[in-house]
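Here is a walk through one structure.

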Amino acid sequence: MLLQGRVCVIVGASSLRGIGYATAELFAQSGAKLVLVDLAMEDEIFSDIVKSIASNIGSEPTVAGLKCDITNLADCERVIAEAVARFGTIDCLVNCAGIVLAQSMLSIAEADYDRILDVNLKGTFNVCKSVLAIFAAKKCGVIVNLASVAAQRGGGLVGGAHYAASKGGVVSLTKTIAREFGPQGIRANVICPSMVETAMLDGNLSREKFDEIVAGIPLRRPGKPSDIAGACLFLASELSAYVTGATIDVNGGSHIH
Ligand SMILES: NC(=O)c1ccc[n+]([C@@H]2O[C@H](COP(=O)([O-])OP(=O)(O)OC[C@H]3O[C@@H](n4cnc5c(N)ncnc54)[C@H](O)[C@@H]3O)[C@@H](O)[C@H]2O)c1
């Protein structure tokens, strides 16, 4: 199994319809021990997640669920310390937490801008920084960050300028981590999905716009959370041992460049 015994922290994993959950399920099936972190990780939600993973993979996962607001560095450091206390170490971090707002440039209020940048960019920075302290001490570790095709094409599908800019920041942040920590045996890569059917689309996309986007995708379908989870598994495992600083497109061919 590709992740046998590896301790994997997945941030943004509280929605059964989300990319974080799909990644958790695939990682559990691949032998990983999981730490699932989310602002919305309440006991009832966590219990539903554990039940769902167990019934889909046919065995009980080894998993902890921790609540955390990634915009707060101290909160990130607390959950990372809790993860280490629970499982002894951390081998892999997948950052799936994020928010989007479908807004045109001139309608973006300062508070909207601050909120999107705080969660998507500062939050990713906070979690990476907290985990890198552990990885640097043990001289190994893997980071997978979730950006978006919005960072590459300039928004315009679902998110506005603030979302695209925050995801551009995640791409740059990941490349910098790869360069700075590569000599210590630590890898960092970033995935740019296009439209994936998750709760993130709810209320941010009309049916007409959805159909219009699908019609323009060479593979003629939206992404599924499991499509992104597969790329996360590749990047988290030794299959990608010589891949770092890479931006991986998972977009059905919708942005070929
Ligand atoms: N769905 C898409 O079309 C799409 C496309 C490109 C990129 N992405 C990116 O993929 C990632 C996963 O998105 P998803 O589609 O699964 O959406 P999702 O809404 O299901 O998952 C995002 C999770 O982040 C959590 N979160 C939000 N703010 C947080 C905070 N302050 N602290 C901790 N957790 C917080 C939410 O509770 C949620 O569970 C996001 O980074 C998103 O930007 C999604």
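**Cysteines and ligand site**

A search of the whole structure finds zero disulfides. A disulfide is a covalent bond between the sulfur atoms of two cysteines; the cut-off here is a pair of cysteine sulfur atoms within 2.5 Å. C92 is in no disulfide, and its nearest cysteine sulfur, in C8, is 4.2 Å away. C92 is buried, at 3% relative accessible area (buried is under 20%, with a 1.4 Å probe and protein chains only). For C128, the closest cysteine sulfur belongs to C76, 9.7 Å away and too far for a bond. C128 is also buried, with a relative accessible area of 1%.

This is a predicted model: local features need pLDDT of at least 70, side-chain atom pairs count only at pLDDT 80 or more, and totals for chains, interfaces and linings use all residues. Residues are numbered from 1 along each chain as its sequence is written, and side-chain values use heavy atoms, without hydrogens or water.

Which atoms make polar contacts (N or O pairs within 3.5 Å) with the ligand? An N or O atom in the D38 side chain is 2.6 Å from a ligand oxygen. A polar side-chain atom of D69 lies 3.0 Å from a ligand nitrogen. I70 uses its backbone: an N or O atom there is 3.1 Å from a ligand nitrogen. The protein covers 92% of the 830 Å² of accessible area that the ligand has on its own (Shrake-Rupley method, 1.4 Å probe).

Note on methods:
Polar contact = N/O pair within 3.5 Å; in protein donor to acceptor, adjacent residues only side chain to side chain. Buried < 20%, exposed > 50% of the residue type's maximum accessible area, 1.4 Å probe, protein only.
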